[in-house]
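Thanks for asking me to look this one over. Could you open the model beside these notes and follow along as you read?

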Amino acid sequence: MANKPRSIFEEVSDVQKPVAAPGGIDARGKGARSAIRTWLIVLFALVVVMITVGGLTRLTDSGLSITEWEPISGSVPPMSTAAWEAEFDAYKLIPEYIEQNAGMSLAEFKVIYYWEWGHRQLGRFIGVVWALGFFYFLARRQIPVGWTGRLVLIGALGGLQGAIGWWMVHSGLQAGMLDVASYRLATHLGLAFVILGFIAWYVFLLGRREADLMQARRNGEARLVTLTSVLVGFVFVQILLGALVAGIDGGKGFPNWPLMTTGTGASFFPPDPFLMEPVWRNFFEDVGLVQFMHRMSAYLLFVFAGFVWWRGRGTANASTRAALHVVFAILTLQMVIGVMTVLWNADVKFAIVHQFIAVVLWVVILRARYMARYPIPQSIRGN
């Protein structure tokens, strides 16, 4: 319709103005946020299971039972007696069998083989679930603007994790090695937590509209974001130290707390912590020193987490306060389970619970950081 001529006496307020459509920020390229979030939750659950199965594989000394990395053909277990004998013969050539498991029967070998095979199969399955989901949403053009790279990152890290897994196993097949190198185990576990962290963060972000996140970020509490970010890094370091302890069976070295008891008495410090040459090896391989570092880091982490919780009490946002309460409660529980794991000589039940709670702690700390950065709106009364 042609524009009508306006009178010079016409009030400006009488001119009709275009009305902005609600939800304009989310209208362009919002994609299938809910469906992608559900897919990521499935991946999250699978990675948690993967970390747990990996822990049990280590605790049952099963990780070196498969001596080859065959990404495709390795998906099928031995199907005949001859195939089983061939796998067993390959295992008999490595130091773990020669020095630790000599005389193991084929039936016993099958048990540890299936632990490691199941662990690898789960990794393959996670890769398939990622690929099917990603390419499905990509083909349907349902990935929100700015999210393609994030989803590719998860898949790329998953592929890297598979390669690092073999790099770790390969170290345990070398002469003089009865287990995998502890620093490689720490790298493998650390990357698993990185993957889990990215997935959790993306799940949090996709749980709200982009417009809501933009508004919430304006109300974010920079000081709490900084403190929780440091806490995330601190917990990650503690997880790596825990992996070093696990890699050398350090949890069984000193089943005492708070002192470290030896045949000559009890001491706060480990006995002879720097006997290995070169000196740096002691920080990865000396049972007493590695366990001592894990203990000291845990004490410092508990104190720092208490400080973050105390500072968080001053926030006006009830949801953020609640998230920090959960963090401190889970960390306290983790400390108790850690002490019990030591006192019970790293019993499998306590050790795997200790590892699982580490996963829970990792996620609730990331959630607390998310809540500090993107506070949930609440009424003036705080309800």
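Below are my numbered remarks on ring pairs, charges and a few individual residues.

1. Ground rules. This is a predicted model, so local features need pLDDT of at least 70 and side-chain atom pairs count only at pLDDT 80 or more, while totals for chains, interfaces and linings use all residues. Residues are numbered from 1 along each chain as its sequence is written, and side-chain values use heavy atoms, with hydrogens and water left out.

2. Aromatic pairs. The structure holds 34 aromatic pairs. Rings of Phe, Tyr and Trp (its six-membered ring) pair if their centres lie within 6.5 Å; planes under 30 degrees apart are stacked, over 60 edge-to-face, and the rest tilted. One to look at is Trp84 with Tyr114, an edge-to-face pair at 5.5 Å centre to centre and 65 degrees between the planes. The two partners sit 30 residues apart, Trp84 in helix H3 (residues 81-91) and Tyr114 in helix H5 (residues 106-139), and the pair links distant parts of the chain. Helices here are DSSP runs (H or I, at least four residues), numbered from the N terminus.

3. Burial of that pair. Is Trp84 buried or exposed? At a relative accessible area of 6%, Trp84 is buried, whereas Tyr114 is partly exposed at 38%. The cut-offs are under 20% relative accessible area for buried, over 50% for exposed and in between for partly exposed (1.4 Å probe, protein chains only).

4. A tilted pair within one helix. Phe304 and Phe307 have ring centres 6.4 Å apart and planes at 35 degrees, so this pair counts as tilted. Both belong to helix H11 (residues 287-312), where their spacing of 3 residues is about one helical turn. Phe304 is buried at 19% relative accessible area, and Phe307 is partly exposed at 36%.

5. The ring cluster. Which residues do ring pairs link into a cluster? They are Trp84, Phe88, Tyr91, Tyr97, Phe109, Tyr113, Tyr114 and Trp117, so the Trp84 and Tyr114 rings from point 2 can be viewed with this group.

6. Charges over rings. The charged end of Arg150 lies over the Trp147 ring, 4.3 Å from its centre. Arg313 is placed over the face of Trp309 at 5.7 Å from the ring centre. The test asks for NZ of Lys or CZ of Arg within 6 Å of the ring centre and within 35 degrees of the ring normal.

7. Salt bridges. Side chains of opposite charge can pair when their charged atoms come close. With a salt bridge taken as a side-chain nitrogen of Lys or Arg within 4 Å of a carboxyl oxygen of Asp or Glu, the count comes to 5. Among them is Arg209 with Asp212, whose closest N and O atoms are 3.1 Å apart; Arg209 is partly exposed at 41% and Asp212 is partly exposed at 32%. Another is Lys349 with Asp347, again with closest N and O atoms 3.1 Å apart. Lys349 is exposed at 58%, while Asp347 is partly exposed at 25%.

8. Asp286 and Arg281. Asp286 sits in the loop between helix H10 (282-285) and H11. Asp286 is buried yet has no salt bridge, and the nearest side chain of opposite charge, Arg281, is 9.4 Å away (Lys and Arg count as positive, Asp and Glu as negative; His and the chain ends are not counted). Arg281 itself forms a salt bridge with Glu285, with closest N and O atoms 2.8 Å apart. A polar atom of the Asp286 side chain lies 2.7 Å from the backbone nitrogen of Leu289.

9. Trp130. This residue is found in helix H5 and is buried, at 17% relative accessibility. Where does the side chain of Trp130 reach a backbone oxygen? That oxygen belongs to Leu151, at 2.9 Å. Contacts of Trp130 (heavy atoms within 4.5 Å), leaving aside neighbours within four places in sequence, include Trp39, Leu43 and Phe135.

10. Gln291. Finally, Gln291 lies in helix H11 and is buried at 3% relative accessibility. Beyond its neighbours within four places in sequence, Gln291 is in contact with residues including Val245, Gly250, Phe254 and Val342.

Note on methods:
Helix = DSSP H or I, 4+ residues; strand = E, 2+ residues; numbered from the N terminus. Polar contact = N/O pair within 3.5 Å; in protein donor to acceptor, adjacent residues only side chain to side chain.
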